[in-house]
Amino acid sequence: MPPVEQLGPGLWSVPVPIPNNPLRYVLVYVLELPDGAAIVDAGWPTDDAWDALSRGLGECGFAVGDVRAVLVTHMHPDHFGLAGRVRDASGAWIGMHPADSALLERRYDSVDNLVETQRAMLAASGVPADELPQLSEASLGIREFMASTRPDRALEDGAVVDLPDWSLRVVWTPGHSPGHVCFYETERRLLLSGDHVLPRITPNISAHPQQRDNPLADFFDSLQKVVRLDVDEVLPEHEYRFRGLAARVEQLVAHHAQRLVEIETILRDDPGSTTWEITLRLTWSRPWQEIPKYMRRAANGETRAHLLLLQLQERVILDVGDDPPRWYRASD
């Protein structure tokens, strides 16, 4: 775990652990206010994470009870998980983009329909029947940690957040989630980028039942949206802060472009492959046998997101007459 770090006047990063996850921690950003502090994201909903957040706030000169606002970049549990507990302890308001707020009940409370929809999507991808239960239910364990929390305020695209002494503008960046937002500090030229732009790894861009129609196309559009901003430094939610936003965006675009070509090559060699078959043949950061079930589901969703973009670009076609449907290059 990195230490708590002061990044500038009235601004700190606090690492909060994520259990059993290669990312290890999320960076919660603490912004000093005249009467307390605001935080950007809150951390995973466990006691260990709560203790780390509390200690980190203490190193910044605050207690949890001093928090006045929780700005949430997106609905995933490592970012949103502790928001309700912070609000209960401090009376802080919670802000989130409406596109993510609208999905919370189905994601964390009434999940039966979501699981069935997920199962149907995985079956249509060609996932073998014996793997369907594990993959479709792979994330259900988080429910026991997630409190039924709803945001108090909507963070709309382009809005200036009501925080004294700060000039934070909401930048809606769908892709990683439908309602993902970054926060642009116009006077300090800082981009609090959430999971949208990370310094070393690429965020997961998956097609799944709670996504928009073409999440990778959204992600590309969102990258161009942030690269136009006048940014000196990027403060992501994972890994470490960095400079050179334009160069990093260029790397991310190139990575996905290469991935699209890799999929076309697979379809050239094996026309009529299912989404799952393509997933198994793609290059991943570790051997497939070492990838846990929930990450295999995300990998399949990532493959599907790339296929949907290729389909939008008329580079591949989907034959829905087969069961499961099969993909072909448009040029064949």
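A: Helix α1 covers residues 47–59; helices here are DSSP runs of H or I with at least four residues, and strands are runs of E with at least two, both numbered from the N terminus. At 1.5 Å a residue its 13 residues should span 18 Å, and the end C-alpha atoms are 18 Å apart, which agrees; the expected span is 1.5 Å times one less than the number of residues. This is a predicted model, in which local features need pLDDT of at least 70 and side-chain atom pairs count only at pLDDT 80 or more, while totals for chains, interfaces and linings use all residues. Residues are numbered from 1 along each chain as its sequence is written, and side-chain values use heavy atoms, with hydrogens and water left out.

The buried residues of α1 are Ala49, Trp50, Ala52, Leu53, Gly56 and Leu57, where buried means under 20% relative accessible area and exposed over 50%, with partly exposed in between (1.4 Å probe, protein chains only). Viewed down the axis of α1, the buried residues fall within an arc of 165 degrees, so they line one face of the helix; the arc is that of the directions from the helix axis to the C-beta atoms. An α-helix has 3.6 residues a turn, so residues three or four places apart point the same way.

On the other side of α1, Asp47, Asp48, Arg55 and Glu59 are exposed. The cover over the buried residues of α1 includes strands β2 (11–17), β3 (25–33), β4 (36–40) and β5 (67–71), along with helix α3 (83–90); contact means heavy atoms within 4.5 Å. After α1 comes Gly61, with a positive phi near 100 degrees.
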